[in-house]
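Please find below a short note on the model under review.

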Amino acid sequence: MVRFENVGMRYGAGPEVLSDVTFTLPPGSFHFVTGPSGAGKSSLLKLMYLAHRPSRGFITLFSRDVTRVPRRELPELRRRIGVVFQDFRLIQHLSAFDNVALPLRVSGSREDVVHKHVTELLTWVGLKDHLHARPPTLSGGQQQRIAIARAVIAHPSLLLADEPTGNVDDTIAVRLLYLFEELNRMGTTVVIATHNKSLIARFSHPVMHLEDGELTVLNRDAETK
Amino acid sequence: MSDSQAVLPLSRESSSRLLPWIIGIMVYLGAVILAGAMVLAAAAAAWNDELTAAFTVQITPIDGEEDGGIETRVRNAAKMLRNVPGVAIVNVVPAETTMAALEPWLGPNLNAQDLPLPRVIDVRLEKAGAVDLAALAKQLSGDIEGVAVDSHEYWRGQIESLVRTLELLATVVIVLIGFSAMAAVVFATRSGVAVHRDVIEVLHLIGATDQYVAQQFQRQAFRVSLMGSVFGGLLAVITLFGFGRLLADLDAALLPAPSLAPWEWIALGVVPILACLIATMTARLTVIRALRQMP
Ligand SMILES: Nc1ncnc2c1ncn2[C@@H]1O[C@H](COP(=O)(O)OP(=O)(O)O)[C@@H](O)[C@H]1O
Ligand SMILES: [Mg+2]
C-alpha cells in the first residue's frame, strides 16, 4: 500500500526535515505516527497525501512510484486518499454539506448520489441538524467531524489523519479512534499522527516514532526494512 | 441540494466587482467604433458610386483663337457627348457660372475677355461604369482641340485611401480594446488565484483536477462578462439609435441616410458574444497556467 525507501524531504532550500525514512505499510494496516513537536510527523503525512514531493528516495503508493508520476495523474491518486488535516482546512464559506460533498463532486458524482451519501454520513456523525451551517458557526468538535466526514465520504483506500484528536477531550478522542478502527475493519489502511501517548497506549496498533526527521520503530509489529 | 454555492467565493472580490464595468465599457466602445466604421464605409461607397456615375469635360482656351471659337468647340463636344450610349445628362456649365464660382478668389471685376477661362461640361451617366472613359477621352481629344476629361479619379483615390485608413484605425482600436479587456481578465483571475490559494490547494488535495478549479473561474468570468456585455451592448444600441435620429433630423443631402444593413447588425451582435468568449477563455488559460505552478 505505502512504501518509503530512503526518503529525504526538505522545504525549499532548507535543511532536511526527514532523512533516510524507510518503511512499508501493508494494505489494511493501522499505524500511529508519533514523536515530539517538530519531529516531522506532518511532513511525513504530506508526502503520503501527495502535497509534497520528496527531495530524494522513492515513495510507492498503490503500487505506483509517486515520485515520478506526472502532475496530471495526481488527482486520480489523491481521490483514493482521505485526509483529516491538522487544522481541518474546511472551506469556510461553504456549508457542512457542501464541504463534505466536495470529494464526490470533484470526481464528478451525480448530484442525487451526493445528496444521499452526504446526508447519511453527516447524520451518522451527529450533524444532521447542521447540514447548512458554515464551519465558523460550529464548535471545534463539530468542525472536526465535518473534516473526518469529508475525508471518508469517497471511501478512500488510505486514510491519513494529522493530530485528529488535537483539541478534543480524551473520551471523544477514543470514540474517534473507534470510528477509524471501524473504517480500518472495512479495508481502509489508516495512518494517524499524534503526540498523545496515553491515547496510543489504549490501542494495540503499531507505532512509528519520529525524532529529528529520523524514523525509529518502537512497536515490533510495524514492518520495516 | 444543488451546486449553486460557488466553491470559490469569486464574486465577492473587488476585482470581480470592477470587471463587469470594464468589460461593459469595452463592449460599448468596440460596438460604437465598429458601427461608425461600417456607416463610414457605406457612405464612402455611396460617394464613390456618385463619383463614378459622373465626369467632367474641360475645354481650355487656345492662344490666338478667334472670338467665339471656344463656344463652337464646347457645342461640338456637347453634341458628341449626347450621342454616346450610356450618357444620361450633358450639362454645359455657362461661362458666367464658372466665373461666379471663381469670384471669391479672383475678385468681382473679372471679365471673360480679360482672362481666358476653361469651359466645363458636366456629364452624368445612366449608371456607374456605363461608359469607357479612357476611350471616350481619346475620341474627344482626337476630334476637338483642348479637351480634357476628368473622371474624378483623384477624388475617388482620396476617398478610398481615407476609408482604408479609417478602417485600419478602427481595426487597430478594436484589437487594442480586446487586449485591454483580456489584460483586465488576466489581472482579476490572477488575483483570484492568489487570494484563494488555500482553498485551491485543498481542492487539489481532495482530488480536484486543474480543469475543475479552472471551471470555477471560467464560470465567474462568463457571468461577469455577460453582465458587462449586456450593459455595454444596450448602451451601444441606445447610442446608435440616438445618433441615427440626430442624423435623420439633420437632413443633409451630403450624406446618404446612415443605416446599417441586417448583416451589419449581426456583426455588432457578435461583439458582446466575442467579449464573453474571450473573457471565459482568457480566464481558463490564466488559471491553468497559474495552477501548473502549484503542487
Ligand atoms: N511549510 C514549511 N516550510 C518550512 N519548514 C517547515 C514547513 N512545515 C514544517 N517545517 C519544518 O519541518 C520540521 C518538521 O515539521 P512538522 O512536519 O510539522 O513536524 P510535526 O508535525 O512532527 O510537529 C520542523 O522543523 C518545521 O519547522
Ligand atoms: Mg504536525
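With which residue does A:R56 form a salt bridge? The partner is A:D20, the closest N and O atoms being 3.0 Å apart; a salt bridge here is a side-chain nitrogen of Lys or Arg within 4 Å of a carboxyl oxygen of Asp or Glu.

1. Basis. This is a predicted model, in which local features need pLDDT of at least 70 and side-chain atom pairs count only at pLDDT 80 or more, while totals for chains, interfaces and linings use all residues. Residues are numbered from 1 along each chain as its sequence is written, chains are lettered from A in the order in which they are written, and side-chain values use heavy atoms, without hydrogens and water.

2. Salt bridges in chain A. The whole structure holds 16 salt bridges over all chains. A:R56 has 30% relative accessibility and counts as partly exposed, as does A:D20 at 47%; buried means under 20% relative accessible area, exposed over 50%, and partly exposed in between (1.4 Å probe, protein chains only).

3. Helix 2 of chain B. B:E71 forms a salt bridge with B:R119, with the closest N and O atoms 2.5 Å apart. B:E71 lies in helix 2 and B:R119 in strand 3 of chain B, so the pair ties together parts 48 residues apart in sequence. B:R119 is buried at 7% relative accessibility, whereas B:E71 is partly exposed at 33%. The buried residues of helix 2 include B:I70, B:V74 and B:L81. These buried residues pack against strand 1 (54-59), strand 2 (87-93), strand 3 (119-125) and helix 4 (133-143) of chain B.

4. Interface. In chain B, 26 residues are in contact (heavy atoms within 4.5 Å) with 24 residues of chain A. The buried area is about 2300 Å², 58% of it from carbon and sulfur atoms; buried area is the accessible area (1.4 Å probe) that two parts lose on being put together, summed over both.

5. Charged pairs across the interface. Between chain B and chain A there are 2 salt bridges. A:R89 forms a salt bridge with B:E201, the closest N and O atoms being 2.9 Å apart. Helix 6 (197-205) and helix 7 (210-250) of chain B each supply at least two residues of the side that touches chain A; helix 6 gives the most, with 7 residues.

How values were computed: Helices (H or I, at least four residues) and strands (E, at least two) are DSSP runs, numbered from the N terminus.
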